[in-house]
Amino acid sequence: MKAKSLTRDKVNIITLGCSKNLVDSETLGGQLKANDIKVVHESGKLDHNIVVVNTCGFIDKAKEESVNTILDQVELKKKGKLDKVYVTGCLSERYRNQLEAEIPEVDAWFGTMELPLMLKQFNADYKTELLGERMLSTPKHYAYMKISEGCNRTCSFCAIPLMRGGHVSKPMDQLVDEAKSLVQKGVKEVMLIAQELTYYGLDIYKKRTLPELLHKLADVQGLEWIRLHYAYPSKFPLEIIDAIKDRPNICNYLDMPLQHASNSMLKAMKRQITREEMEDLVGAIRQKLPNICLRTTLIAGYPGETRDDVEELKTFLEKMRFDRVGIFTYSHEEGTSAYDVVDDVPADEKQARAQEIMEVQQEISYEKNQEKVGQTLKVLIDKKEAGRYLGRTEFDSVEVDNEVVIQSARKLEIGQFYPVTITKAYDYDLEGVIAD
């Protein structure tokens, strides 16, 4: 009888959820590759025999998507198309015991901080000298960079501390080395991510040191754009804005989730800030840097939210005129302090409120975009689709913000910057031509 030839393992990593998860998947990919294991990210081909699903457990929709993805992979395993299915990430961290009982076909479950343990399943060593080394899954001209893990805040609706633990900053020199390594790979734009950027340094340097980190990263040769995501508004250090203003390669962009504007909602959400303080903060930021693009995210349908609260949120948006706004409907999460309160806003009403709030923002976004017509802006080309180039200005982050649509007879290089004159503006996108 002919012996079956041994085939080498090939791992497919499937990432769900946020950019922080993506960085974790890229780190796992880098470690597997360094151990001479073949690895791909979200491959559509079935030429791999092992799958790692990196899950999200943040809100109901994300949990549902994670469970469905695991079940799909388990089904492939049952059909003999996969040898192993491993699960990691936030859902696994949060519901491991439950999931182990319900989906026994999964070969092993891992939490958010168990990379060395997961590598043992592959007979692979965790290589500490590879700190910051990743197998990038983004286009090579941009990458996310996680500056800390976990969160010490106690927002009533948020399950992240349950899944990611308390705040832990990465040492500054390690982050600078990581940025240099990314630039060597061709990265032009780095997006700094964390559950809470402004807390950076408090644990290891005993003070908030994000401004200092920004200056060090801005010194990295070849790094053209540095972008800030997820800053907490309470006790926000304005020195961050000074750093953005002083350094031309730090984008005039700040993502600061505010969640609501009504004081009763902010108090219920345990946000440690009032509407008046938020207005003062936005005013102070814009006074220092009038050209800054402010992005925020909001929650509709939190328990106890009244029509008055919704109206207040709408007037707040009209007054503040944020450049970018995202909105989530409230998700009732066990383990959070809000879970003890009755989730009294029906799902369709949450959706209707979110839509109503976004309609206010849509008009503001349209008006702000119209102001850009005739301006020539520096644009980073992300991709070419249907014969058109799609790019972004410094005021736009990947996937969540506006795109600039460019028709160009001449060939443009993906991942390069071009001056683009804006010719047309819509609610969320711009059109432009290359400025000769």
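How many bridges join strand β1 to strand β3? In this predicted model, 5 bridges link β1 (residues 10-15) with β3 (residues 50-55), and the two strands run parallel. Strands (E, at least two residues) and helices (H or I, at least four) are DSSP runs numbered from the N terminus, and two strands are taken as paired if DSSP finds at least two bridges between them. Residues are numbered from 1 along each chain as its sequence is written, and side-chain values rest on heavy atoms, with hydrogens and water left out. Because the model is predicted, local features need pLDDT of at least 70 and side-chain atom pairs count only at pLDDT 80 or more, whereas totals for chains, interfaces and linings use all residues.

The β1-β3 pair belongs to an open sheet of 5 strands in the order β2-β1-β3-β4-β5, with parallel pairing. Its edge strands are β2 (38-41) and β5 (108-109), each of which pairs on one side only. Within the sheet, isoleucine 14 stands opposite valine 53 in β3. Helix α1 (residues 19-34) packs on this sheet and touches β1, β2 and β3, contact meaning heavy atoms within 4.5 Å. The direction of α1 makes about 170 degrees with that of β1; axes are lines fitted to C-alpha atoms, for helices over the stretch in contact, and angles run from 0 to 180 degrees between N-to-C directions. Helix α2 (residues 60-78) lies across β1, β3, β4 (84-89) and β5, at about 170 degrees to β3.

A further open sheet is formed by 6 strands in the order β6-β9-β10-β11-β12-β13, again with parallel pairing. Strands β6 (142-146) and β13 (324-329) each have a single partner strand, so one side of each is left without a neighbour in the sheet. The twist averages 20 degrees from one strand to the next. Strands β10 (residues 225-228) and β11 (residues 250-255) run parallel and are joined by 2 bridges; leucine 228 stands opposite leucine 254 in β11. Helix α6 (residues 172-184) lies across β6 and β9 and runs at about 165 degrees to β6, while α1 lies across β6 and β9 (189-193) at about 95 degrees to β6.

The axes of helices α10 (residues 275-288) and α11 (residues 307-320) come within 12 Å and cross at roughly 15 degrees. These helices are therefore roughly parallel to each other, a term applied to angles under 35 degrees. Their contact is made by Arg275, Met278, Glu279, Val282 and Arg286 of α10 and by Glu312, Thr315, Phe316, Lys319 and Met320 of α11.

Conventions. Parallel < 35°, antiparallel > 145°, perpendicular 65-115°, else oblique.
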